[in-house]
Amino acid sequence: MTLQPITTSTSYTADRGWLAALHGTDSTETITLDVLKLTAGTHTLASTDTNQPYSRVLSGVPVGKITASGLYGAFDPTATDGRQNLPGQVFAEALFAPTATKVPAALLWHGVVVAARVPGGIDPAKVTQSVTGPQIRYV
């Protein structure tokens with residue numbers, strides 16, 4: 001029997017069309033996302049590549065911190081679990097295994113965002129601005 005090693009690679013380019021300026025991108029914070037609080041097809045995309053089984057959280061997803069767990073889920077102004085407060089947006093796409101429930105990610109907490117290009121959408125009128133907390137300006 002002869003063995004022939006095969007190597008493949010896949011690369012992704014993050015779509016950061018939601019990002020209006022580079023301001024704030026040099027000081028992101030590390031957070032942990034609760035995959036169960038994200039919507040498949042809106043906030044996450046499943047892999048269609050047989051060589052790369054990992055799904056990914058999209059760059060630009062607005063998130064809120066779940067009070068009980070300390071994890072982050074999709075921002076929801078009608079939520080009562082802490083996700084009604086917006087600390088920022090997921091800065092870079094994050095890959096995760098199909099069975100994962102927690103995913104590390106980078107949080108953009110200070111910057112300028114194009115509201116119309118945010119994955120899943122966002123209504124800036126439903127975001128409570130803070131002078132001491134996150135500083136996201138929507139255009």
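Of the 139 residues in the protein chain, 39% count as buried. Buried means under 20% relative accessible area, exposed means over 50%, and partly exposed lies in between (1.4 Å probe, protein chains only). The model is predicted: local features need pLDDT of at least 70, side-chain atom pairs count only at pLDDT 80 or more, and totals for chains, interfaces and linings use all residues. Residues are numbered from 1 along each chain as its sequence is written, and side-chain values use heavy atoms, with hydrogens and water left out.

Start with the overall layout. The protein chain has 10 strands and 0 helices. Both are DSSP runs numbered from the N terminus: helices are H or I with at least four residues, strands are E with at least two. The C-alpha atoms fill a box of roughly 70 × 35 × 25 Å along the principal axes. Now take the contacts, meaning heavy atoms within 4.5 Å. Among those with a separation of 6 or more, 66% join residues 24 or more positions apart.

Next, go inside. In soluble globular proteins, nonpolar side chains tend to be buried together. A nonpolar core is a set of buried Ala, Val, Leu, Ile, Met, Phe, Trp, Tyr and Cys residues joined through side-chain atoms within 4.5 Å. The largest one here has 16 residues, and Ile31, Leu33, Val57, Val63 and Val90 touch the most other members. Strands S1 (29-34), S5 (72-74), S7 (94-96) and S8 (102-108) each give two or more residues to this core. S8 supplies the largest share, 3 residues. Look at Leu33. Beyond its neighbours within four places in sequence, its contacts include Leu38, Val57, Val63, Tyr72 and Val90. Apart from this core lies another of 14 residues, among them Leu19, Ala106, Leu108 and Tyr138.

Tyr138 leads us to strand S10 (residues 135-138). In a regular strand the side chains alternate between the two faces of the sheet. Strand S9 (residues 110-113) pairs with S10 in the parallel sense over 4 bridges. Two strands count as paired if DSSP finds at least two bridges between them. His110 stands opposite Gln135 in S10.

An open sheet of 3 strands has the order S2-S3-S7, with antiparallel pairing. Strand S2 (44-45) and S7 stand at its edges with a single partner strand each, so one side of each has no neighbour in the sheet. S2 and strand S3 (residues 55-57) run antiparallel and are joined by 2 bridges. Thr44 has Val57 in S3 as its bridge partner.

His43 sits in the loop between S1 and S2. Is His43 buried or exposed? His43 is buried, because its relative accessible area is 10%. Leaving out residues up to four places away in sequence, His43 touches Leu38, Arg56, Val57, Leu58, Val61, Ala74, Pro119 and Gly120.

Gly17 lies in the segment before S1. Gly17 is partly exposed, because its relative accessible area is 22%. Gly17 and Val114 are 97 residues apart in sequence, yet 7.7 Å apart in space, C-alpha to C-alpha. Neighbours within four places aside, Gly17 is in contact with Val114 and Arg117.
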